[in-house]
Amino acid sequence: MAKVWILWLLVIVGVVGIATTEAARKAPWRIHTLFSVECQNYFDWQTVGLMNSYRKAKQPGPITRLLSCTDEEKKNYKGMHLAPTFEVPSMSKHPRTGDWYPAINKPAGVVHWLKHSKDAKNVDWVVILDADMIIRGPILPWELGAEKGRPVAAYYGYLIGCDNILAQLHTKHPELCDKVGGLLAFHIDDLRAFAPLWLSKTEEVREDRAHWATNITGDIYGKGWISEMYGYSFGAAEIGLRHKINDNLMIYPGYIPREGIEPILLHYGLPFSVGNWSFNKLAHHDDGIVYECGQLFPEPPYPKEVRQMELDPNRRRGLFISIECINIINEGLLLQHAANGCPKPVWSKYLSFLKSKAFVELTKPKYVTPATLQMMEDKHTEEEHVDHDAGKPYPKIHTVFSTECTTYFDWQTVGLMHSFRMSGQPGNITRLLSCSDEDLRQYKGHDLAPTHYVPSMSRHPLTGDWYPAINKPAAVLHWLNHVNIDAEFIVILDADMILRGPITPWEFKAARGHPVSTPYDYLIGCDNELAKLHTSHPEACDKVGGVIIMHIDDLRKFALLWLHKTEEVRADRAHYAKNITGDIYESGWISEMYGYSFGAAELKLRHTINNEILIYPGYYPVPGVKYRVFHYGLRFSVGNWSFDKADWREVDMVNRCWAKFPDPPDPSTLDQDNEPNLQRDLLSIECAKTMNEALNLHHKRRCLSTDSSLTSKGEEKTEESGMSRELGNVDASIDSTSNHMSTNHTEELVASVKKDEMPSSFRFWMIFLWAFSGVGFLVVIFVVYSGHKRRGTRAKHHRRRRSLHPGYMEMNGRDRHSRGVDVPL
């Protein structure tokens, strides 16, 4: 028996040792996470998603929702149980000015929490997030590099007001203004000193209506909506609080993560899509989905489908991040419905997936890599010492083109994307898709190209002018300010183009300070009073457009001027005349083209003009020139056949299966004796055939996949029934959650999550195995010891019985042991 107790003691020491190690790994400082919301359904479903991710990511320390509500809103509010909550008086309608600006509740809520919450007196570090975020892994300020006096934040490059008159007006130290936001990791002492200034500077910028313009704030709506962000940056600059800026920690779903980078925070503030599926948070502004039993957001594609969509591993990783985001929100809704007392949801393949081991594996906590922790200033320092040409023959290229949410642009997109894949054009391509919220809700073409979504400026937010062409410079500016771009040169195309071959800066001699473009000779305004009115350097005005190859540094300096000059020329109605602009319609429609030329002239950015890159179908080609781009902006014909893109403005060529344009004539029917006409017509036929080939491949992919999905439903049902059997115990756990409601819904939800959660961490398993091994060993020792004792005391009475049943004792011991194992599992 003494040996048994010694073994038992060793087991206890082992378990305690591991528990001590576990405790030692816990956060060495006190940490608290905050996020700000209002009393609305819109924020409630975001809260459910964030809270679910907080638990799954194992974020240390407590989390508090700063809830800003009016007394009237609070009377009807149903979501007090959704998260640990600290109530804050609403400042949506400013008590002094009467201005309606709900975003001010964020700094106001933090100030109120610091002043009135007991938690604020017992914390070392504070992490501040937005409600529309998903945590993927622990956010530990000290691990991210934060120090007292040096908070860590994510990069918000579009805050251009840090570099202009806005900063000079609103802070004494404009040179200290950091373009940051999103993820904020503060030492509590810094936050106490800074928070009141965050609030006061937000009020100050919000009241400065004279400087709300897009060219000053970067806010494409010009409505002062991002005043709170500037209030943050200017308040920090005012007290000399410089940030460590990290552009790797946070990513927008829909964006492609950098290679080797593991983001630990998702910010779904912009629309994103995976194949035909898409999600836009604004489409669910009034959605009471938290309180509607069984209601989830539309299910995204499954991982197996995503793997088939994209071969490039980094792009595929971006798609997985997108589905991870919405799946975690839906999982949170499912658990919240159970906590609300909803009945068990009807079985479906998607619900089974959300409870599967595969989903647990996909959404297990992510941890930062050394590359993720690299700060922007560290990266720039390294780049100063790197020879970019070593072992790298050509610079990276990225191609972009601008479209809108219409079927007219969709068929153009299909044609351009097909030609891009066939042309051998290096690098990636991105469609800049400008849509209103209403258009985006109805839009079906999310899967047509890699897409960056841009708020539409077709109707100008300040003037009300209807001018969709302005979306091109506005979209390029938005893309530059919201995307991590690792390319050195950007190629800008129009949607109504077909690529015939690669367009590279090294072949066409583009360089920093010397972009390349194609001639637009009809821009006669470069030679007359129009240029003198709209640029300080009319002599530097180049008549160019169509295809643009520009160094990224030049584009960053130029893009805002492109937009600003477009607005300027568009507003100059006194100079719309044909003899001034060359516009035969005299409607100011080519204002964007002049905006480009005048903006470039303002920076004295002179172009290399190349007339061998682009040709219009129907034009006579120069013999021997291998044109790289068809620009089918004008009507062209071959014999009695003709094509004009304007004729197809209202025709849905993409969503109607097998739709195509009229076939052009067969080349064999052409007049072979007239060489110039023959070459012209062959190019026209090539352009038309390429568009029809693109549509045919598109329909094969979309229409045939729809047919095959209908025939495979029976197979899916077989697979689903197998999955349901495997996951029955998870369904049972949700049943038990819904049948055991308590008054404290938040605590109950946490408990149900813990009960449903698979014990996947290594540390938990180590403790479990030690304890299990110890108990199992003791049971065996006890059985053997008891058997030995009974054999000694009862040998005379049961010798014959034991000889008849030699396996009885051993079998009985094994049976008890096996039942002991079965019960807890």
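Which residues are linked with Arg136 in a network of salt bridges? The network joins Arg136, Glu262, Glu324 and Lys366, where a salt bridge is a side-chain nitrogen of Lys or Arg within 4 Å of a carboxyl oxygen of Asp or Glu.

The model is predicted, so that local features need pLDDT of at least 70 and side-chain atom pairs count only at pLDDT 80 or more, while totals for chains, interfaces and linings use all residues. Residues are numbered from 1 along each chain as its sequence is written, and side-chain values use heavy atoms, with hydrogens and water left out.

The structure holds 37 salt bridges, and three of them are listed here with the separation of their N and O atoms.

| Salt bridge | N to O |
|---|---|
| Glu324 and Arg136 | 2.9 Å |
| Lys366 and Glu324 | 4.0 Å |
| Arg635 and Asp647 | 3.6 Å |

Helices (H or I, at least four residues) and strands (E, at least two) are DSSP runs, numbered from the N terminus. Glu324 is buried at a relative accessible area of 8%, and Arg136 is buried at 5%, the term meaning under 20% relative accessible area with a 1.4 Å probe and protein chains only.

Glu324 also forms a salt bridge with Lys366; because Lys366 lies in the loop between H13 and H14 while Glu324 lies in helix H11, this pair ties together parts that are 42 residues apart in sequence. Lys366 counts as buried too, at 13% relative accessibility.

The loop between helix H13 (357–362) and helix H14 (376–384) also holds Thr372, which is buried with a relative accessible area of 0%. Leaving aside neighbours within four places in sequence, Thr372 is in contact (heavy atoms within 4.5 Å) with Asn246, Asn248, Leu249, Gly260, Ile261 and Glu262, and Glu262 is one of the residues in the salt-bridge network.

Elsewhere, strand S2 (residues 63–69) pairs with S3 in the parallel sense over five bridges, pairing being assigned if DSSP finds at least two bridges between two strands. Leu67 stands opposite Glu87 in S3.

Terms used
Buried < 20%, exposed > 50% of the residue type's maximum accessible area, 1.4 Å probe, protein only.
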